[in-house]
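Thank you all for coming.

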Amino acid sequence: MVVHSASERVLAGLDPEQRSAVTAPAGPVCILAGAGTGKTRAVTSRIAHRALSGEISARHVLAVTFTARAAAEMRSRLTALGVPGVQARTFHAAALRQVRYFAPRLLDGRAMPELLDSKVRLVTLAAAKVGIRADRTGARDLAGEIEWAKSSLVEPGEYVVAAAKALRDTPYEPAKVAEVFAAYEKVKRSGGVIDFEDMLRAAVWGIEEHPDVAEQVRAQYRHFVVDEYQDVNPLQQRLLEAWLGGRDDLTVVGDASQTIYSFTGATSSYLVDFPRRHRGATVVRLVRDYRSTPQVVGLANAVISQARGTEARLRLELVGQRPTGPEPELRIFTDEPAEAAAVAARCRALVDAGTPAREIAVLFRTNAQSEAYEKALTEAEVPYQVQGAERFFERVEVRQAMVALRAATRSIPGETPLPTAVVEALAAVGWAPDAPPAGGAARERWEALAALVQLAEEYAATAPVLPIGPAAAVERPVNLADFTEELARRAAAQHAPTVEGVTLASLHSAKGLEWDAVFLVGLSEGTLPTTYAKTPEQVEEERRLLYVGITRAREWLWLSYASARSPGGRARRPCRFLPQLDRSGGTERAGAGGVRRAERRRTQIVSCRICGATLLAGPDRKVGRCATCPSDLDEELHERLREWRRRVAGGQRVPAYVVFTDATLVALAERRPSRPQDLTAIAGIGPRKLGLYGEAVLALVAGAAVDEICPEKTFEISP
């Protein structure tokens with residue numbers, strides 16, 4: 001009875017679709033989970049519900065993810081649900097564990113070969129053997145091709161045909177790449193080392209060719225869960241099938257609209273074809289988006305609704321569950337430096353208004369776009385971090401700091417408050433708790449060490465005291481030694497703290513993450529979609545990249561592009577995937593027909609006088625600035641203009657807006673025109689209104705009182 005109630009508690013708070021996924025019967029289950037729909041909650045709840053009800057044993061579950069972070073999150077949630085003991089690992093970690101365990105049996109007692117961290121050095125040697133002098137960049141590209149081939153189960157002799165069939169954009173002539181591939185395999189074998197793909201292949205070989213190994217593995221793991229199933233490559237799928245051994249207790253979770261890694265060999269075909277490959281499979285669609293506002297969700301739906309191709313067969317129309325929020329903003333700039341400066345200024349404004357810098361992200365298509373934003377944010381004095389560099393605990397400055405912290409445990413008194421002790425210890429590596437230094441690298445270093453101080457403060461607050469000895473009756477405050485042990489534990493789990501700074505990241509590296517405010521920048525043809533996207537399939541993957549970027553935003557979303565790369569440069573067109581935005585900044589939608597394109601009209605380009613963006617909305621064009629840019633309104637002039645308009649409209653017996661709209665009055669009070677041509681530069685003031693009101697308005701702007709221009713009169717209204 002107790003067990004049953006525990007399993008029922010797991011279902012509390014789930015929406016109907018999540019509940020269907022959790023309670024689906026044993027066997028093949030495919031969960032199509034849109035962005036922000038709670039897929040991790042659904043899949044961990046499914047495991048917990050089955051384990052707590054007695055249907056399965058937690059120790060017989062293998063849950064496979066694509067990042068160590070996702071695996072750690074899954075284990076944490078399962079433990080919180082009362083189900084520890086589930087093996088949640090990446091494909092590589094699971095394979096490595098099994099190969100190491102069975103190595104004595106598979107290798108006749110020989111030691112397992114060393115695992116390569118990087119292919120680059122051996123690829124460089126292999127390239128030299130076939131007459132190619134590859135620099136580090138060339139070697140990295142060759143290594144990428146070899147990884148694609150091995151992940152796709154392509155051998156060196158098959159590479160040329162396979163690359164042509166896959167339309168690979170190879171770094172060298174395909175036949176030469178094949179020669180390097182073959183030479184790399186020989187260099188690797190002679191050196192007695194293996195790479196990550198070899199390790200996956202070894203795990204497959206161990207199961208497929210050794211019945212005793214297969215029996216032991218399959219006795220241990222009987223129930224399988226695969227997250228991000230749209231990113232599985234053929235080699236990983238082969239390993240999954242080896243684990244299964246013909247059984248069908250498999251739950252997969254994925255979203256075909258987030259397939260963005262095909263260049264690495266990943267394919268959504270296994271997700272798309274799951275119901276066909278597994279007859280009688282249960283398919284559940286999660287569409288309730290709990291991450292983003294309805295406005296962000298609406299834009300995401302508008303972008304992906306135009307998708308074509310195989311993945312589009314499984315696209316989901318998300319339904320926003322959060323309260324209403326601001327409309328996504330589209331901004332157009334004359335050049336990339338102006339775009340970067342405006343983004344930095346808005347980041348500064350968001351931070352000043354209370355948005356934590358760590359909850360802001362600037363996302364771009366290529367890493368090369370980062371430099372302009374690093375420079376602009378530095379000039380705006382906005383802290384930032386670049387996503388996709390070394391892991392936090394692998395950074396040189398962090399490793400040095402951890403050595404300094406361990407050394408300080410012998411010199412700093414144990415009763416020193418933990419945050420104070422950490423600050424004192426970090427002085428040994430040149431860190432001080434003042435303003436971060438200028439410059440990107442120096443600033444990143446300062447922010448990384450500041451994150452350790454913040455982590456110490458959080459640790460001291462959440463675990464203020466620890467028991468002394470086995471008896472919990474006597475306690476002591478946490479100290480520096482405790483903190484160094486905590487850091488070592490986190491380093492082992494790759495659980496990096498969040499650096500307090502705006503995140504700069506490529507769209508690929510942003511997958512799986514989310515922020516309160518997101519800037520999607522550089523959305524111009526040639527950048528997104530990239531000029532390298534030549535086939536319809538490649539173009540569709542670029543569309544999905546934009547979709548992934550949009551769905552990273554919880555509340556506030558900015559989309560921008562520059563009309564030229566540099567001042568005076570060649571004009572560029574906006575990204576073809578952007579739906580036409582209406583006058584309020586939102587998307588115009590036309591039901592099942594998708595996005596309704598607004599009629600194109602020839603219109604004068606009006607730029608924001610504050611940030612330089614091209615103004616699209618009518619009220620913004622009149623005022624001459626973005627609605628979100630700071631106003632320099634002359635309030636006293638604005639009141640005189642309002643009173644003058646009231647009197648003129650009363651005398652003419654017309655509504656006030658017929659004289660001038662509210663937006664026009666704001667524009668006049670902000671821009672304070674001094675000449676007739678300044679008046680006609682304001683949208684909505686043409687020759688007729690200039691003739692009727694121009695002289696009076698210019699006098700008011702110059703300081704005249706309303707009574708001088710338009711004395712108060714009593715008007716009789718005829719019955």
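A helix here is a DSSP run of H or I with at least four residues, and the helices are numbered from the N terminus. Please keep in mind that this is a predicted model.

With that definition we can look at helix α16, which covers residues 336-352. Asp-352 and Arg-348 are 4 residues apart in this helix, and they are therefore separated by about one helical turn. The two form a salt bridge, in which the closest N and O atoms are 3.1 Å apart. Asp-352 is exposed because its relative accessibility is 56%, a value over the 50% cut-off, whereas Arg-348, at 24%, is partly exposed.

Side chains of opposite charge can pair when their charged atoms come close.

Let us turn to a pair that reaches further along the chain. Lys-39 forms a salt bridge with Asp-227, with the closest N and O atoms 2.9 Å apart. Lys-39 belongs to helix α3, while Asp-227 sits in the loop between β6 and α12, so this pair ties together parts that are 188 residues apart in sequence. Lys-39 is partly exposed, at 22% relative accessible area, but Asp-227 is buried, at 6%.

Which residue of helix α3 pairs with Asp-249? That partner is Arg-50, again with the closest N and O atoms 2.9 Å apart. Asp-249 lies in the loop between α12 and β7, 199 residues from Arg-50, and both residues are buried.

Terms used. Residues numbered from 1 in each chain as written. Predicted model: local features only at pLDDT ≥ 70, side-chain atom pairs only at ≥ 80, totals over all residues. Heavy atoms only, no water. Salt bridge = Lys/Arg side-chain N within 4 Å of Asp/Glu carboxyl O. Helix = DSSP H or I, 4+ residues; strand = E, 2+ residues; numbered from the N terminus. Buried < 20%, exposed > 50% of the residue type's maximum accessible area, 1.4 Å probe, protein only.
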